[in-house]
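I opened my notebook for an afternoon of looking things up.

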Amino acid sequence: MRNLLWFLALFALAAGVALFAGNNQGTVTLFWPPYRVDFSLNLVLLALFAAFVLLYAALRGLSLLLALPAEARRWRRRHQERMQLQGLLDAMSHLTAGRFIRARKAAENVVVQTEALARREQAQAHGTRLMALAHLLAAECAHALQDRAGRDEHARAALALTQGKGREAQEVREGVQLRVARWAFDDRDVQAALQRLDELPQGVARRTLALRLRLRVTRLAGQFRSALETVRLLGKHRAFSESAARSIVRGLAIELLRGTHDPAQLQKVWEQLDAAEQGMPEVALLAGERMLALGGDFALAQRWLLPVWEQLVRPASALPQELRLRLVLLLERGFHQTPGQPDAAWLARIEAAQLGNPREPLLQYLAGVACMHLQLWGKAQQLLRQSLTQLKDEALRRRAWAALARLAEQREDSAAALEAWRQAAQG
């Protein structure tokens with residue numbers, strides 16, 4: 001449609017010119033004493049148009065001629081920029097392909113070209129950032145080549161170039177700081193890595209990449225409390241899947257509990273854990289075991305173990321057999337180490353659980369042990385014998401036979417005691 005309108009306008013213009021020029025009888029007279037020259041008006045108009053075209057062409061040509069030096073400078077500058085970009089792309093492609101020497105050489109060439117432009121007073125608006133990135137790539141290659149001196153030199157140059165307060169310079173500086181911290185972690189220099197991470201601005205330090213690095217550094221340094229706090233932040237950022245986050249938190253909580261040396265310290269560490277962390281069976285079981293090992297208050301440990309017990313007695317419980325066995329053995333050791341009779345509330349729980357699930361051998365064994373401490377010898381013997389028919393764990397079977405042997409000795413039944421000890425020895 002647009003082309004059609006252009007054609008119509010062109011035809012209308014041609015028709016107007018033809019009508020004007022075809023019947024134009026006007027003349028232009030030039031008096032040049034003693035001469036007189038008559039010109040056709042059409043010729044005069046044509047000559048004026050041709051003169052305008054020639055003058056415009058001459059001025060345009062002169063302008064282009066005078067602009068040639070500046071155009072040459074612009075061409076050289078664009079050529080240098082293309083060379084810099086090509087060098088940066090070569091460095092990145094070689095780095096990702098594992099050609100570290102070629103990548104380092106390409107990055108250093110970009111630095112040399114940028115410095116040459118700056119010396120010729122042709123500095124680019126983004127030249128500083130480009131040079132800093134080239135230094136960073138060269139440092140990354142030097143790190144891969146185990147050239148720590150060259151890596152540190154390029155890193156210092158990159159940091160020096162990003163001292164400005166601009167947003168772009170700040171972004172590059174943050175990236176360099178993160179990489180320097182990562183290199184320190186790769187070198188197993190924990191103090192240097194933590195120092196670099198502490199130097200990060202608060203907003204950068206809470207980014208997922210920085211938090212992941214801090215988690216690795218703190219775990220390497222054995223700072224499990226700081227690592228646990230970092231994992232909690234990562235969980236809020238959804239940096240891990242739910243199962244992975246749970247596994248990492250469980251491992252760190254276990255390491256914290258293992259590092260305690262007295263009951264007061266153990267209780268303090270336990271109180272620093274979240275409710276969800278305290279409810280993890282592995283964590284609660286280890287806390288109870290540490291409390292017994294450190295000679296602490298078993299009644300307090302029993303309160304910690306209550307959520308695990310509730311999982312054990314729940315119908316269709318998903319608690320693994322290994323953890324169920326650990327819980328039963330832990331309660332048994334607690335009964336042995338605690339002077340006096342067991343806690344009445346726990347005895348009621350054990351009895352109710354055993355009555356609610358009379359075919360569960362672990363509950364039968366635990367109820368039998370509890371009855372032993374209550375000096376209910378007959379009931380204890382009955383429950384322990386019932387559990388022996390279904391117990392699959394050899395260690396627990398030996399303990400059950402040993403308990404029956406002690407019961408027989410209590411009754412002064414030497415033959416039964418000898419047989420029970422023999423069964424315990426055979427496993």
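Is Gln146 buried or exposed? I looked it up: with a relative accessible area of 51%, Gln146 is exposed.

**Ground rules**

I note that this is a predicted model, in which local features need pLDDT of at least 70 and side-chain atom pairs count only at pLDDT 80 or more, while totals for chains, interfaces and linings use all residues. Residues are numbered from 1 along each chain as its sequence is written, and side-chain values use heavy atoms, with hydrogens and water left out.

**Helix 5, helix 6 and their loop**

I stayed with Gln146, which lies in the loop between helix 5 and helix 6. Helices here are DSSP runs (H or I, at least four residues), numbered from the N terminus. Gln146 is not a glycine, yet I read a positive phi of about 65° for it. For context, most residues other than glycine have a negative phi.

Helix 5 (residues 127-144) packs against helix 6 (residues 148-161) at an angle of about 160°, and their axes are 8 Å apart. I take axes as lines fitted to C-alpha atoms, for helices over the stretch in contact, and angles run from 0 to 180 degrees between N-to-C directions. Helix 5 and helix 6 are therefore roughly antiparallel. The scale is: under 35 degrees roughly parallel, over 145 roughly antiparallel, 65 to 115 roughly perpendicular, and the rest oblique.

Helix 5 passes helix 6 in a left-handed crossing, meaning that the near helix is turned anticlockwise from the far one by less than a right angle (clockwise would be right-handed). On the helix 5 side, the contact includes Met131, His135, Ala139 and His143; on the helix 6 side, Arg151, His154, Ala158 and Leu161 are among the partners. Contact means heavy atoms within 4.5 Å.

**Arg151**

I then picked out Arg151 in helix 6. Arg151 counts as buried, at 7% relative accessibility. What does Arg151 touch, not counting residues up to four places away in sequence? I found Ala139, Ala142, His143, Trp183 and Asp187.

Glu168 sits in helix 7 and is partly exposed, at 37% relative accessibility.

Arg188 is in the loop between helix 7 (167-186) and helix 8. Like my opening residue, Arg188 is a residue other than glycine with a positive phi, here near 60°. Arg188 counts as exposed, at 51% relative accessibility.

For helix 12 (residues 242-258) and helix 15 (residues 281-293), I noted an angle of about 5° and axes 9 Å apart. This pair is therefore roughly parallel. Among the residues in contact are Arg250, Ile254 and Leu257 of helix 12, and Val283, Leu286 and Arg290 of helix 15.

**The aromatic pair**

Last, I searched the whole structure for aromatic pairs and got one. The ring centres of Trp270 and Trp304 are 4.7 Å apart and the planes are at 20°, so the pair is stacked. Rings of Phe, Tyr and Trp (its six-membered ring) pair if their centres lie within 6.5 Å; planes under 30 degrees apart are stacked, over 60 edge-to-face, and the rest tilted. Trp270 belongs to helix 13 (residues 263-272) and Trp304 to helix 16 (residues 298-313), so the pair links parts of the chain 34 residues apart. Trp270 is buried, at 6% relative accessibility, and Trp304 is buried, also at 6%.

Conventions
Helix = DSSP H or I, 4+ residues; strand = E, 2+ residues; numbered from the N terminus. Buried < 20%, exposed > 50% of the residue type's maximum accessible area, 1.4 Å probe, protein only.
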